[in-house]
Amino acid sequence: MIHLKTRSRTTLLGTAAILAGLAGPALAQEGELVMINWLGGAQGEMMTKLQEDFEAKNPGVTVRNVIPQAGGDARGGIRAVLMGGEQADLLINTWPAFRAELIEAGLILPLDDSYASTDWGDKLGESWQALSTVNGENYGVTYTFGDRSGIWYRTDTMATAGITPPETYEDFINGFATLNEADITPISVPAKVWAHAEWFESLLLRTAGADYMTRLANGEASWTDDEVKVALQKWQEMLTANCCDDGNTMLALDWDISVDAALKTGDAAYVLMGMWLNTRAKQEYGDTPGEDFDIFQFPAFGMGHDDESMVDAKEFNILSSVENREAADAFISYMLTAEAAVIMADYGLASPSTDVDPSIYDPVIQRSVDEVTSANKLQFVLGDLLPGDLGSEYRVALQRFLQDPSDETIDAITAQLATVADGAY
Amino acid sequence: MGGPDGPPKSSLPIKVKKQLSDTQAAWFLLTPLLIFFAISVVYPVIETIRLSFYDIRGLAPEKFFGWGNYLKLFSDPNFLTSLKVTFIWAISATFFSVTIGWGLAMMCSLSPRKTLVFRVMIFAAYGVSEAVSGFMWLGIYRPDYGLLNGILEGVGLSGLTQPWLGNPSTALGAVIVAYVWTQVGLPLMTCFASIQSIPKNLFEAAYIDGAKPASVMRYIIAPLSLPGVRVAIFINLLNSLKAFDLIFILTGGGPVRSTETVGFFMYRESMLNFKLGYGAASTVILLIAVLIVSIPLIMKRTGDAK
Amino acid sequence: MIGRTPRWIVPIVGIIALIWIIPIIGLIVTSLRPISEIILGWWSVETVTFTLDAWTQVWSKYPLAYAFWISCKIAVISTVIPMLLAPAAAYAFHFLKFRFRRLILILIINAFVLPNQVVIIPLFRLWRDLGMIDNIWSVIIPFAGLSFAWAVFLVKNYLEDFPYELIEAAQVDACGPLARFFYIVLPNSLTPIAAVGILQFMWTWNGLLLPVVFLRDELPLPALLARIQGVYDRNWDQVAVAAIITTIVPLLVFIIFQRFFTAGAQTKSGSKE
């Protein structure tokens with residue numbers, strides 16, 4: 001008797017569930033959305049605000065964050081989470097090399113079907129879509145990008161030395177003498193961990209171009225090529241022209257000390273850094289973008305690649321363990337809206353969406369966005385494209401170069417990197 | 001002073017209580033611990049040894065690699081350099097932290113209550129996490145506006161100012177100083193605890209005999225605080241092999257890998273590069289190295305007890 | 001200690017301690033000044049304002065009370081376990097005779113060389129299969145298991161100075177090995193037990209790696225506060241607040257437990273040496 005009652009109750013519930021499911025897409029965005037979110041500090045705050053805004057616009061969906069263990073590169077923690085079989089829907093990814101790893105392991109899904117059924121294709125330009133496309137399939141949706149070819153300076157430092165932001169390499173290097181006389185170190189290069197590599201990469205971009213860099217990152221070009229040597233020689237030229245502190249001092253500086261030197265104390269004139277510097281300058285120094293400090297694009301070298309720009313970007317990937325696909329798609333769509341862009345602009349970040357009203361950006365972001373959008377080709381930061389151990393060898397090799405920027409060193413480190421690269425691909 | 005062999009068995013004709021044999025008592029006392037140990041240590045170690053025979057790149061599936069990881073390790077110049085750096089690092093850090101801690105413990109033991117505040121201050125350096133200590137010392141060593149260079153300039157020694165963490169010849173020393181700063185609290189505590197356990201009548205007898213504090217320190221306190229010293233050496237030495245956070249924050253292993261210890265190498269390969277097999281192999285080698293050194297020591301000590 | 005204490009002892013130790021504590025004073029100052037002032041160092045005296053902003057921010061943004069409770073649970077349980085079991089083991093290894101004694105001792109003590117990351121991934125899979133992720137026991141068990149490596153060594157070292165006559169006396173009174181442990185050795189070993197307690201409490205309270213990996217919502221204090229620090233920016237003032245909050249409790253434990261260091265000496269002096 002009881003047995004029958006239970007069964008009929010279960011059948012009733014089952015039917016109700018089916019009917020509820022059939023009620024249509026209005027109920028589809030419900031439940032939990034799980035995001036692997038490794039952002040901390042100000043960017044973490046920003047993501048929290050975005051999540052809250054999304055939840056307000058989509059009642060019924062709650063966003064839950066899976067927070068991987070931190071420690072230097074966030075990828076290690078993310079891998080631990082994924083290997084442990086943790087279920088999640090969305091992943092924030094800023095490393096193309098990591099995206100490749102995930103694709104090979106079958107852990108993220110191609111998004112072409114979502115691109116077709118939503119307005120993502122309208123809101124993201126071709127070049128942005130190209131960035132996350134691998135072998136013809138698009139695996140990500142870029143939600144923010146930053147110009148990595150921008151050199152920052154303080155307006156009063158430049159005024160003291162009597163220099164205007166240089167546009168060509170000749171102007172740039174000629175300015176060093178004037179700056180040194182005014183007792184200002186022209187460039188602060190933070191060589192402690194990773195940030196010095198940006199200079200090499202920007203030089204390589206201007207002298208060899210984005211296509212070459214892509215081949216180098218894929219292991220198709222060799223580190224012993226002339227292109228690499230030319231870039232290092234240009235850097236050698238700059239160092240001989242007294243652009244920087246001595247080697248050991250550079251090795252002692254991490255990026256935050258360098259940016260302090262350029263943008264706070266004025267001990268240095270230029271620093272090459274990503275857009276998060278904008279947030280730091282606004283919040284921690286209390287400076288006004290455009291007035292107290294500004295940014296100019298990496299100088300032109302006249303070697304045919306001056307209209308190319310280096311960028312970093314963050315994208316969303318959808319994991320193969322996704323359970324709430326509708327909510328995941330909805331969140332991504334939200335990130336491409338104008339409201340989301342306003343929240344991001346507050347934190348000094350730009351959105352690639354065509355929905356964005358550029359007037360929400362301060363002059364510095366505006367300039368960087370213009371440079372990137374008008375660039376002929378975009379190149380992702382090389383360091384984030386290289387596989388793990390090649391990446392760390394590469395940075396240490398550049399440290400050796402800075403200790404002793406001679407021709408012998410150039411030959412030695414290029415040979416060494418070529419050897420490591422052989423084993424890494 | 002006595003040992004497991006025990007005194008001659010009781011030869012009372014009447015068995016007063018039912019006694020457990022030594023073996024039964026031992027297993028009773030040890031079993032709970034062994035269960036915790038088996039789960040938390042034995043199982044992961046076996047898994048680590050297993051992993052060391054596989055080639056694992058990031059999230060790719062594991063590929064059996066036989067002895068490959070070990071062969072690569074011994075031909076990897078980074079690993080070999082890290083062994084050298086570790087040797088200097090571990091010995092200096094342990095020597096200085098234990099010596100300073102022991103000295104302080106002996107001094108404090110002569111006046112325990114008045115020195116409590118100071119002991120807490122020094123132990124606080126041990127209690128603060130390595131990462132936070134790293135950040136504090138980063139500010140001290142900063143080349144442009146750091147506290148150390150600032151003080152040197154202030155006292156007229158600007159010739160000595162340096163980019164401490166950027167110069168490969170000073171970087172390791174600078175990191176060791178910071179690390180010793182964090183570690184002295186431990187020997188201070190264990191030696192002080194040892195000294196406090198010394199029976200008071202020994203001191204009474206000595207003072208009655210007219211001994212001066214210096215000789216009391218040398219002949220009574222020093223030798224009888226040795227258990228604390230041994231424990232301090234053990235803990236500090238082995239912790240120094242595992243230290244990672246402080247080095248990571250101060251130098252990131254540089255400049256040009258001059259501060260990369262084996263602990264740093266292991267962490268980087270396993271957690272950052274996620275080459276789990278390779279990192280596991282380096283851990284196994286470290287384990288074997290420590291076993292080789294410790295087995296004779298332990299055999300000797302437990303042998304003595306017999 | 002009885003006897004004449006030279007007057008130079010306390011001032012010397014004091015000076016050393018005051019120099020020693022400079023970085024920690026720095027930590028406190030960092031938590032009380034706005035970031036823009038201390039960017040170049042907490043000792044900069046250009047403009048000096050003190051503010052409780054960082055403290056109020058951390059207080060309001062993070063569920064500190066619950067995390068504190070979790071930390072207490074984890075640290076207390078993980079500390080009590082070795083405080084009881086390590087002396088038991090040390091006694092067994094030192095005073096009892098049984099097969100495999102040395103082998104097991106070697107295994108346990110050498111486990112101390114293992115870094116935590118060796119433990120993480122295998123245990124993560126195990127806990128996940130057992131459904132124990134986000135259960136504080138997933139952290140307590142390894143904390144306890146890993147502690148025995150040094151805790152047994154520590155207690156055993158102090159036991160080596162143990163006056164054996166007390167045990168002989170007990171044996172003559174027909175006390176079995178277990179009774180000898182509970183009634184004779186344990187009460188006279190308060191010093192090493194307190195030392196184990198201080199260290200284990202501090203390490204488990206401060207422990208970051210295991211909780212961050214094995215726990216999700218049940219986060220202890222340091223894991224929670226680790227989120228404060230960003231990847232792209234360094235909000236030093238809040239980080240300093242987090243560090244101070246986290247460190248105070250183990251220091252209190254140190255102050256309380258170190259009173260037990262003298263307890264052993266008093267009892268032992270009861271034996272006519």
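**View 1. Chain B meets chain C.** Here 116 residues of chain B touch 115 residues of chain C, where contact means heavy atoms within 4.5 Å. This is a predicted model, so local features need pLDDT of at least 70 and side-chain atom pairs count only at pLDDT 80 or more, while totals for chains, interfaces and linings use all residues; side-chain values use heavy atoms, with hydrogens and water left out. Residues are numbered from 1 along each chain as its sequence is written, and chains are lettered from A and ligands numbered from 1 in the order in which they are written. Chain B and chain C bury about 10700 Å² between them, and carbon and sulfur atoms carry 76% of that. Buried area is the accessible area (1.4 Å probe) that two parts lose on being put together, summed over both. The rule also picks out two salt bridges across this interface. A salt bridge is a side-chain nitrogen of Lys or Arg within 4 Å of a carboxyl oxygen of Asp or Glu. C:Glu160 pairs up with B:Arg230 in a salt bridge, with the closest N and O atoms 3.5 Å apart.

**View 2. Chain C meets chain A.** This contact takes 22 residues from chain C and 27 residues from chain A. Between them, about 2300 Å² gets buried, with 54% coming from carbon and sulfur atoms. How many salt bridges does the rule find across the interface of chain C and chain A? It finds one. C:Lys61 forms a salt bridge with A:Glu45, and their closest N and O atoms are 3.2 Å apart. C:Lys61 sits in helix α4 (residues 53–61) of chain C and A:Glu45 in helix α2 (residues 41–57) of chain A, so the pair joins two chains. Over all chains, the count by this rule comes to 34 salt bridges.

View 3. Two packed helices are described by the angle between their axes and the distance between the axes. Helices (H or I, at least four residues) and strands (E, at least two) are DSSP runs, numbered from the N terminus. Axes are lines fitted to C-alpha atoms, for helices over the stretch in contact, and angles run from 0 to 180 degrees between N-to-C directions. In chain B, α3 (residues 77–109) and α8 (residues 185–196) pack at about 40°, with their axes 8 Å apart. That makes α3(B) oblique to α8(B); angles under 35 degrees count as roughly parallel, over 145 as roughly antiparallel, 65 to 115 as roughly perpendicular and the rest as oblique. The crossing of α3(B) and α8(B) is right-handed: a crossing is left-handed if the near helix is turned anticlockwise from the far one by less than a right angle, and right-handed if clockwise. Sorted by class, the contact of α3(B) with α8(B) has eleven nonpolar, four polar and no charged residues. Ala, Val, Leu, Ile, Met, Phe, Trp, Tyr, Cys and Pro count as nonpolar, Asp, Glu, Lys and Arg as charged, and the others, Gly among them, as polar.

**View 4. Helices α9 and α10 of chain B.** In chain B, α9 (residues 200–208) and α10 (residues 213–224) pack at an angle of about 155°, their axes 11 Å apart. That makes α9(B) roughly antiparallel to α10(B). The residues of this contact divide into nine nonpolar, no polar and no charged.

View 5. Most residues other than glycine have a negative phi, and most peptide bonds are trans. The bond from B:Gly254 to B:Pro255 is cis, with omega near -5°, and B:Pro255 lies in the loop between α12 (245–251) and α13 (262–272) of chain B. A:Asn242 isn't a glycine, yet has a positive phi of about 65°. Look for C:Phe100 in the loop between α5 (64–95) and α6 (101–110) of chain C; its phi is positive too, near 65°.
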